[in-house]
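My notes follow in the order I looked things up.

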Amino acid sequence: MKISIITVVKNNCKTISETLESVLNQTYTDYEYIIIDGGSDDGTLDISKKWSLKFDGRMKYYSSPD
């Protein structure tokens with residue numbers, strides 16, 4: 001059974017990598033991971049984009065102002 005994991009974030013470049021690593025380290029792998037970014041301007045989205053390659057196509061991210 002596929003599940004969805006959703007992270008909602010805005011301007012959290014200090015800890016977004018920890019969150020992404022935690023999701024990536026889960027033993028259950030039949031999931032899609034969705035990041036909904038509220039229009040961050042501190043580099044949060046750039047960090048998420050870099051990590052997306054490690055998710056083998058399971059990660060999607062969206063960004064727009066709240």
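I count two strands as paired if DSSP finds at least two bridges between them. The model is a predicted one.

Sheet first. I find an open sheet of three strands, ordered β1-β2-β3, and the pairing is parallel. Which strands stand at the edges? They are β1 and β3 (59–63), each with a single partner strand, so one side of each has no neighbour in the sheet. From one strand to the next, I note an average twist of 15°.

Next, the β1 to β2 pairing. How many bridges join these strands? I get seven, between β1 (residues 3–9) and β2 (residues 31–37), which run parallel. I looked up two positions along β1. Ile5 stands opposite Tyr33 in β2. Ile6 stands opposite Ile34 in β2.

β1, helix α1 (residues 16–24) and β2 form a β-α-β unit, and I log its hand as right-handed.

Now the helices against the sheet. α1 lies across β1, β2 and β3, and runs at about 165° to β2. Helix α2 (residues 44–52) also packs on the sheet and touches β1, β2 and β3. The direction of α2 makes about 160° with that of β3.

Last, the aromatics. I find one aromatic pair in the structure. I also checked for a charge over a ring. Lys54 lies over the face of Trp51, 4.3 Å from the ring centre; the cut-off I used is within 6 Å.

Key
Residues numbered from 1 in each chain as written. Predicted model: local features only at pLDDT ≥ 70, side-chain atom pairs only at ≥ 80, totals over all residues. Heavy atoms only, no water. Phe/Tyr/Trp six-rings, centres within 6.5 Å; stacked < 30°, edge-to-face > 60°. Lys NZ or Arg CZ within 6 Å of the ring centre and 35° of its normal. Helix = DSSP H or I, 4+ residues; strand = E, 2+ residues; numbered from the N terminus. Right-handed = clockwise from strand over helix to strand, strands pointing away. Axes fitted to C-alpha atoms, helices over the stretch in contact; angles between N-to-C directions. Contact = heavy atoms within 4.5 Å.
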